[in-house]
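Trainee: Could we go through this structure together, please?
Mentor: Gladly; have a look here.

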Amino acid sequence: MAISLFDMLKIGIGPSSSHTVGPMAAAHRFVQILAHSAPLSSVRRITIDLYGSLGATGPGHGTGPAVLMGLEGHLPDSVDPPRVPARAEEIDQHRQLKLNGEVTIEFDVARDLHFRPQTTLPFHANGLRFTAYGDDHRPLEQRTLYSIGGGFVVEEEAAGGDRLVDDRSDLPCPFTTATELLAHCRRHGLSMAEVMLANEQTWRAPDDIRNGILAIWQVMQECVHNGIHAQGCLPGGLGIQRRAAALHAKLTSLEQQALIAPSLSALDWVNLYALAVNEENAGGGRMVTAPTNGAAGIVPAVLHYYWHWCPGANEDGVIRFLLTAAAIAILFKENASISGAEVGCQGEIGSACAMAAAGLAAVTGGSPQQVENAAEIGMEHHLGLTCDPVGGLVQIPCIERNAVGAVQAINAALLALRGNGDHVVSLDKVIRTMRDTGADMLDKYKETAHGGLAVNVTEC
């Protein structure tokens, strides 16, 4: 399968790529399928069953409202984030849903939307089943889809085969492993970013690629800005207060700056950038999956570090950074998983750390071998990381975990840049180890809120 940067870095909304972005896209897809098989005017009822991890932590991840918005014809990259909870409340109160924005049907949330945490479908922990009924109460259409992480959605027919995107384009520099990626770099004298750019031109003109990447960067900047200026308590019942605004005020105070060792001041800002993004995510704001929402703060935080702290930073560097990060993300998607429900948080935070480390190494003079080493270091030291969200919310430990992961990504790049690219553990081996570790991990540590911090922290 051929995967684009724009598959790995999607513009969407919080709080979860697998539990919010994916389900919204899945519901939208089901409506389009339904419209081709029967007139929407013939639909009288739709039911949704959410299985496994979606059933367990879906209520805290906004899965219900996301599915309803998808059924009404909205997509994650264009829906108005503040409108989502408000419209879901209207649907619940009036018991009516506007299918694809065109046909009003009766919809009783308590009757028609089912969370089934005790049942996991065989293909993936995040399963959704949609059933549409007509006048005679017989099904008009039924589809089972899976939200497999990072906003990717596949249908049941994909079980046992490729689980990525339905694109078999012939790429000039195809790769599924880091070994193959490095071989292209050596053979053609290219950087990883240049290999990715050559592949991206299979689908888009160079100017469209540049503009698309800069649009992603713009959303990342807006997300940091919005997170810095938002205050108050995050939704969900844990009583978590936003910290980014207060931290920003401290860091911009001359008095406070004088108290911080100059060598650490940049890391204070990296923490701020990551906290701002993931507080926005927890609040359901607009963001970029990088590669997931739960880990969405790491790449923007490290990219902001490059932008504000690295001499000579410019838009060309931003593009090289994100092309490189996307190349690394593809390796995780192809050979393991970026889904916390499948392999734990190592697949989210670990993958994002590797992406950011590689991107930073690439724009600060690293060779392809040093870039691969940076990614390997970033992932190796997240092996075994569990996904144990308290209350099923993307807040504890997720928000701080992004700040820690961003700082680790910078250190991983530094370690790699101080070497010559030679290292014992290859990126391919660490990705394989992450996959195997995820397979061995108990399900209670895979985004179910049934283990770890989720059961050892008393909710407020």
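Mentor: For charges, Lys and Arg count as positive and Asp and Glu as negative, while His and the chain ends are not counted; each charge is placed at NZ of Lys, CZ of Arg, CG of Asp or CD of Glu. This is a predicted model, where local features need pLDDT of at least 70, side-chain atom pairs count only at pLDDT 80 or more, and totals for chains, interfaces and linings use all residues. Residues are numbered from 1 along each chain as its sequence is written, and side-chain values use heavy atoms, leaving out hydrogens and water.

Trainee: How far apart are the mean positions of the positive and negative charges of the protein chain?
Mentor: The protein chain has 32 positive and 49 negative charges. Their mean positions are apart by 2 Å.

Trainee: Which type of aromatic pair do Phe-123 and Tyr-146 form?
Mentor: Rings of Phe, Tyr and Trp (its six-membered ring) pair if their centres lie within 6.5 Å; planes under 30 degrees apart are stacked, over 60 edge-to-face, and the rest tilted. Here the centres are 4.7 Å apart and the planes make 85 degrees, so the pair is edge-to-face.

Trainee: Is Trp-269 buried or exposed?
Mentor: Buried means under 20% relative accessible area, exposed over 50%, and partly exposed in between (1.4 Å probe, protein chains only). Trp-269 has a relative accessible area of 14%, so this residue is buried.

Trainee: What share of the 460 residues in the protein chain is buried?
Mentor: Phe-123 and Tyr-146 are both buried, and Tyr-273 is buried at 5%. Over the protein chain, buried residues make up 58%.
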